[in-house]
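Please look over the sequence and the model shown here before reading the short report that follows.

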Amino acid sequence: MTASLPNPAEIVPLIEDAVTAPSMHNAQPWKFLYRPASGLIELYGDPGRAMPRADPDHRALHLGCAAALFNLRVSAASAGWGTDVRLLPDPDDPWLLAAADLRAPGPTDRDLGSLHPAVRRRHTSRFPFAEEEIPPALLDGLRAAALLEGCRLAVPDAWHTDTVLGLVHDSEHREEMDPAMTAETMAWTHAGAPEGQTRPDGIPVDAFGPKHAGRGGVVRDFGRSRRVPGRGWATFEENPHIVLLGTSGDGPEDWLRAGQALQRVLLQATADGLVTSMTSQPLEWPALRWTVRDPGSAMTHVQMVIRLGYGPQGPVTPRRPVAEMLDIR
């Protein structure tokens, strides 16, 4: 088996797929280490790309890294490999988030491989979606996708959706009143014209989407605290379709499971012809986060609010060169 393990050049496309995953403010807070002798890929969190104000416990960092881990699993499956993943394999190194052993593929890996075409097609869309219902069968499929990764996906009813919308807007106002959080957000957003932007991370101005006319949707407005020349206004859907991804626990391993479930849901939604965006704003404030969940639900901790619908694809956001994120030893 050792002789047939992939060489370093064969690992590069897997990492290129992995790092297309979403992360908070597109900070890309991950590092990978490949050990050719054993076929082991290690995933590390990068504390230099953390958000001390908005994400002090690194929950969102774990989610982003785990989403990249899921992409890695999908890419490996598409290339003819299976992955045996261990979460938090070294208690003495909390930044070593996961280790993936490459092996011969099995039935579940082939199922993962079917999601591979969606990896490069999935982009966050901060544009208005159509006022169109999502078929129940598609929502059931997204619930099943979350369950496969040990998480739950809840589809809130009208009153709960309205509550979450209110919490999103409450969190926006809280951020505006917090200079440290506002500065942190602005540090990861690009203010200039798209043609003049060369940063390989963060949120470029063409991914902001339009300003919200009226109450707005469940979309984080990265241009809210700064003037963006030429940015227009738009009316977002009056009744947005949202789902809540959650877990029963709320520690690092739960976050790593949730990040993989998040990416599986996003890829399945993309494969089904849906477009998506995410918001974590109300989850960044302890006083608000507990009120996002449905008190009648078995889901104890909401990890992400996901908006679903039919509409324009979001633009491709920049990614750092793989050479900056992959080490081979």
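## A crossing of two helices

The crossing of H1 and H2 is right-handed, a crossing being left-handed if the near helix is turned anticlockwise from the far one by less than a right angle, and right-handed if clockwise. Helix H1 (residues 8-18) and helix H2 (residues 59-78) pack at an angle of about 135 degrees, their axes lying 7 Å apart; axes are lines fitted to C-alpha atoms, for helices over the stretch in contact, and angles run from 0 to 180 degrees between N-to-C directions. H1 and H2 are therefore oblique to each other, since angles under 35 degrees count as roughly parallel, over 145 as roughly antiparallel, 65 to 115 as roughly perpendicular and the rest as oblique. In contact (heavy atoms within 4.5 Å) are Pro 13, Leu 14, Ile 15, Asp 17 and Ala 18 of H1 with Ala 68, Asn 71, Leu 72, Ser 75 and Ala 76 of H2.

## Basis of the model

This is a predicted model, in which local features need pLDDT of at least 70 and side-chain atom pairs count only at pLDDT 80 or more, while totals for chains, interfaces and linings use all residues. Residues are numbered from 1 along each chain as its sequence is written, and side-chain values use heavy atoms, with hydrogens and water left out.

## An open sheet

Four strands form an open antiparallel sheet in the order S5-S8-S10-S9, where two strands pair if DSSP finds at least two bridges between them. Its edge strands, S5 (152-154) and S9, each pair on one side only. Five bridges join S9 to S10, and Thr 279 stands opposite Val 305 in S10.
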